[in-house]
Each structure stands twice: as C-alpha cells, then as structure tokens.
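I opened a new structure today and kept notes as I went. Here is what I looked up, entry by entry.

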Amino acid sequence: MAAHEHVAILDLGSQYTQLIARRTRELGVYSEILSHKTTAEELKKRPGIKGVILSGGPASVYWKDSPRVDEKVFSCGLPVLGICYGMQLAANALGGKVIPGEKREFGHATIDIRHEDVLLAGLARSLSENPDALRVWMSHGDKVAGLPADKFDTLATTPNCEYAAVKHKNLSFWGVQFHPEVRHTSSGMLVLKNFLFNACGCRGDWQMSGFIDEQCDKIRNQVGKGHVICGLSGGVDSSVVAALIAKAIPGQLTCIMVDNGLLRSGEVEGVRKAFEGHFKVKLVVADAAKRFLDKLAGITDPDEKRKIIGEIFIRVFEAEARKVKGADFLAQGTLYPDVIESVAAHGGPTAMIKRHHNVGGLPEDMKFELVEPLRYLFKDEVREVGREIGLPEHLVWRQPFPGPGLAVRCLGDITEEKLSLLRRADVIVQEEVEKAGMTRRLWQAFAVLLPVKSIGVMGDERTHEFTCALRAVESVDGMTADWARLDYDLLRNISNRIINEVRGFNRVVYDISSKPPATIEWE
C-alpha cells in the first residue's frame, strides 16, 4: 500500500489518530498510521511518500517519558503538519516553549486569521457562504508559550491561544493547535486539503477501483495455487472479502460459517441463501453453538468473552479446514478500526480500547496464514469496494454486526434464555426501523440486554424482569458516532412491542451516548 502516493501519520497517542487517516482518504490521498518512533530515514525510504502528519496525544511534552519523534523529521525535506500535541512537540523541538495553560481549552473556539499562507488559504473567503468557517475544535490543557519570531510566522490565534496555527519560516512545517480532523472544526477538511495538495503536492490517486485490482494481484501472489478458507458471517466485511478472493482465485475458496449460538435470528438461513446463490462457492456451516455457550458459561468480563470466542472460532475453523485439501490460508474481514482499537496502533502510545476477535484474540499456535485484504480500509471504503465489485445492495448496506455476536450485547453472564430474549427484541428493532424507512440513515440499530432486573406492573401484577437498552447511532465510518434522534413514535412502537411481545423485559431505555466517549457496542 505504501507504493501509493501517500502521507504517513505518526501516532502520538490520540484516539483521533484514525480520523486523520480517514479524512485524508476522503480527499483521495492514501494515508497510513505509523509508530511515532519511525525515523526520518525510514520515512524517506517509503515509495510514494509526500508528507507527514503528527497526531495529537494526551501527554505533555515536558514529561520525562512523553512520546517523541525523530527531530530530523522536521528537516528531512518532507512537509510536516503537527496537530495539537504534534504542534507542541514540534514547537518544543524547534526553539519554542510549552507550558501548562492558565485556562484549558476544550470545545469550540473561533480563530482569528493573521496570515493565511498555504495552510489556511480560502478560510476567510468561505465566511460569506459559511458563517462558522472559522470555528475550530480545541482539546488541550498545555499551550505554546513562546515561539522565536525569527523562525515562526503566526497564522491564527484565539482569545486563549496565541498560536492557534503557525508556519516555520525555513522548514516545511505547519502546526495547528486545533483538530482539523473532527467534524466540529467547520473548515477542517479545507485545512487538510490545503496541506495535502498545496504543501505536499499530492494529486489524489486513491480510488477503490485501483484498490480492487491491487488486492486481487496481492491475493494471487500470496496464495499461489493454495486454498483459502473464508469465514462468512453475512455482514458486508466478510462478503467483500469472499467476493475479492473469488474474483482473484476462482475455485480456490471454501467459505465456512460458524454457528456459535450468538447469531441473530435467521442468520444461518440468510447467509446460506445469499452466498450459495450469489457467489456460487462452497459453503460449510459448522454447528458449534453448544461448544461456545458451554465455554462462555459464567464469564462476565467483556475482554475474556472476546478472547474465548476468538480461540474457539479458530479451533472450529481448524477442524473444518482439515477436511479441505490444501487449506493453508484463512481470510478475515479485519478492518483498520479493528486494528487501531485492539492494540496500541503500530507501536504507538494509543491505548487499547477493546479486543477484536479478528485481531487480538487469536491463539499463538494458529496454523493458518492470514489473508486480510481489507486490513487498511474503513467501513465506508469497504462498502465502496462492495459496490465496485458488484455485490447486491442488501449485502453492501447491511448494518455492521460484531464478530463476537450477541455476546457483546448480552451483558453479564450468557445463557440461552437471555440470548432468546435478545434475539426476539432485536427482530422488533430491525422491523420497526425498516418500517420507518431509517435503515440507510442509521449506521447501527440494535437491542442490548442489561444484567439488571427492575420492578414493573402488568395486569395489576408485579413483575421483576430484565431491562432492554436500545442503541441507534449515525456515523460515516464507525470511528466516531452520534446517537440518532429517533422519532418519539418510533421509540414508543419499539418499546411497546418489546414489552408486550418479549416476556422477560418490562423496561426499555434508550442510549444517548456518542462515540467517543462511549463505544458503539456496549462491550
């Protein structure tokens, strides 16, 4: 992938690092997140590299163990953009000083442009069309206290921030204290576009059609005459993976669906109909529900659940794979957000959020070589690949479903009784959302079983039953999400049906948390 014209993003610990990557790709420039320890020499050796972005981060530059970058990055000839902590790190290295701010600055601020340069070009002109063009999103407690005037130009300020945007006079370095990658910064995409095209000289050669051809070639080179096992869940990720492999090496693919007892209602039948009919590839359904549920009995820790599911998943695959001659490769629908959320990204200081069974839950003695053609894509990019490759619309637009299935929507210990309640509630959610014409608008909508019982009254009798939480979010790529402002009538219909039709729930609540600070799934 690095052979593409691209920018490298050095991860300094921000949970928004992945958003920087996503936004640059939206502008047609491929980006990749690398460790902050990547040296200037290593960066310059990357074919097609056009620039470097330093992410934000939670540390302070004056801490003893705060993450640093090779200072030669600033003089290596590549344009560099520092964002928030990335700007402070550069200022500290290039003659400035960083101190704790008298006032923290979190939330919206309005910048005052002193000098546009190439980075802020067009922002002032856009005010006539967008009154909020100069509104930016700040998230910092430290501040740059002083920059040598003979080395830096101040491009923008705010009432609380003397250096909201700066440019080095002699080096190709720009810095912004605000976050252009988040949607709250009204002209953030214009700032990033200016950096990519004005400062870095990018053309924008990142297209899905080219990606498909590249990945097909890569699959052929990796697999050769071997055989690939592909896990199908019925979701868009595994569907696209199967389609790519079937296109690249027809006749060398066996698809396996593991029924882990944690699937949605009618899932197995739906997958069999879609894939045996559409892909014309061999599909094996492995019934392992009892094995999974027995192992999960009494387990309440979310990370332990994911680890158990990942390990059994691979063991079931191994058993089925032994029946397939020459099966040395395992294809997975691992996406970039899975990688970023599961580990400290690429050796960077970003905190692990949760374990994804495709990434962090695999046993060390796994016998397959992994084929992961979507590993560096975001969800909306995967959908674009699906459209390009000719997948049916209902598969392309199917809502994401977690690899561990209902295990992460059934909080606390897992029993067949709870899973049955959850499935029936989820069917009602899907039916009502579709009836309201909301399916395309919502990124995900689902039911969650909470491990608490409350008192209710039905037919003059006391009830003591579970609580069902509804979760519905809107998102572009799954990296950030906002809770959906559903119509009250829709919420009422869902609540009434769940309470009346699913014996075991007597209370329904609606989750109005955004991501961040919450995640989309509850576990």
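**Entry 1: Cys84 and other positive phi values**

I began with Cys84, which is found in the loop between β4 (80–83) and α3 (85–93). I kept in mind that this is a predicted model. Phi of Cys84 is near 55 degrees, a positive value in a residue other than glycine. Is Cys84 buried or exposed? Cys84 counts as buried because its relative accessibility is 5%, and the cut-off for buried is under 20%.

I then looked up Asp117, in the loop between β6 (112–113) and β7 (135–146). Asp117 is not a glycine, yet its phi is positive, near 50 degrees. With 27% relative accessibility, Asp117 counts as partly exposed.

**Entry 2: helix α3**

Next I read along α3. Seven of its nine residues are buried, so the helix is largely enclosed by the rest of the structure. I listed the buried ones: Tyr85, Gly86, Met87, Gln88, Leu89, Ala90 and Ala91. What do the buried residues of α3 pack against? I found β3 (49–54), β4, β5 (97–110), β7, β9 (161–168) and β10 (173–176). Gly95 follows α3 and has a positive phi, near 110 degrees.

**Entry 3: His6**

I went back towards the start of the chain. His6 sits in strand β1 (residues 6–11). His6 counts as buried because its relative accessibility is 0%. Which side chain makes a polar contact with that of His6? I found Arg46, at 3.2 Å. Leaving out residues up to four places away in sequence, His6 touches Val29, Tyr30, Arg46, Pro47, Gly48, Ile49, Lys50 and Gly51.

**Entry 4: a parallel sheet and its helices**

I traced an open sheet of five strands. Their order is β13-β12-β11-β14-β15, and the pairing is parallel. Which strands stand at the edges? They are β13 (282–287) and β15 (369–371). Each has a single partner strand, so one side of each is left without a neighbour in the sheet. On average, neighbouring strands of this sheet are turned by 35 degrees against each other, direction ignored.

I took a closer look at one pair. Strand β14 (residues 327–331) runs parallel to β15, and three bridges join the two. Ala331 stands opposite Val371 in β15.

Then I checked which helices lie on the sheet. Helix α6 (residues 236–248) packs on it, touching β11 (227–231), β12 (253–259), β14 and β15. The direction of α6 makes about 160 degrees with that of β11. Helix α9 (residues 302–321) lies across β11, β12, β13 and β14. I noted an angle of about 135 degrees between α9 and β12.

**Entry 5: the largest nonpolar core**

The largest nonpolar core has 52 residues. Which of them touch the most other members? They are Ile498 and Phe505. Helix α9 gives the largest share of this core, eight residues. I also listed what Ile498 touches, not counting residues up to four places away in sequence: Ala425, Ile428, Val429, Cys468, Leu470, Phe505 and Val508.

**Entry 6: two packed helices**

Two packed helices are described by the angle between their axes and the distance between the axes. I looked up both values for α5 (residues 208–223) and α11 (residues 379–389). They pack at an angle of about 80 degrees, with their axes 9 Å apart. The helices are therefore roughly perpendicular to each other, a term that covers angles of 65 to 115 degrees. Which residues meet here? From α5 I noted Met208, Ser209, Phe211 and Ile212. They meet Glu381, Glu384, Val385, Glu388 and Ile389 in α11.

Met479 is in the loop between β17 (461–474) and β18 (482–483). Met479 is buried, with a relative accessible area of 2%. I compared its place with that of Gln15, 464 residues apart from it along the chain. The C-alpha atoms of Met479 and Gln15 are separated by 9.5 Å.

I ended with the segment after β19 (505–510), where Pro516 lies. Pro517 is in the segment after β19 too. A cis peptide bond joins Lys515 and Pro516, with omega about -15 degrees. Another cis peptide bond joins Pro516 and Pro517, with omega about 15 degrees.

Technical notes:
Residues numbered from 1 in each chain as written. Predicted model: local features only at pLDDT ≥ 70, side-chain atom pairs only at ≥ 80, totals over all residues. Heavy atoms only, no water. Helix = DSSP H or I, 4+ residues; strand = E, 2+ residues; numbered from the N terminus. Buried < 20%, exposed > 50% of the residue type's maximum accessible area, 1.4 Å probe, protein only. Polar contact = N/O pair within 3.5 Å; in protein donor to acceptor, adjacent residues only side chain to side chain. Contact = heavy atoms within 4.5 Å. Pairing = 2+ DSSP bridges. Axes fitted to C-alpha atoms, helices over the stretch in contact; angles between N-to-C directions. Core = buried A, V, L, I, M, F, W, Y, C linked by side-chain atoms within 4.5 Å. Parallel < 35°, antiparallel > 145°, perpendicular 65-115°, else oblique.
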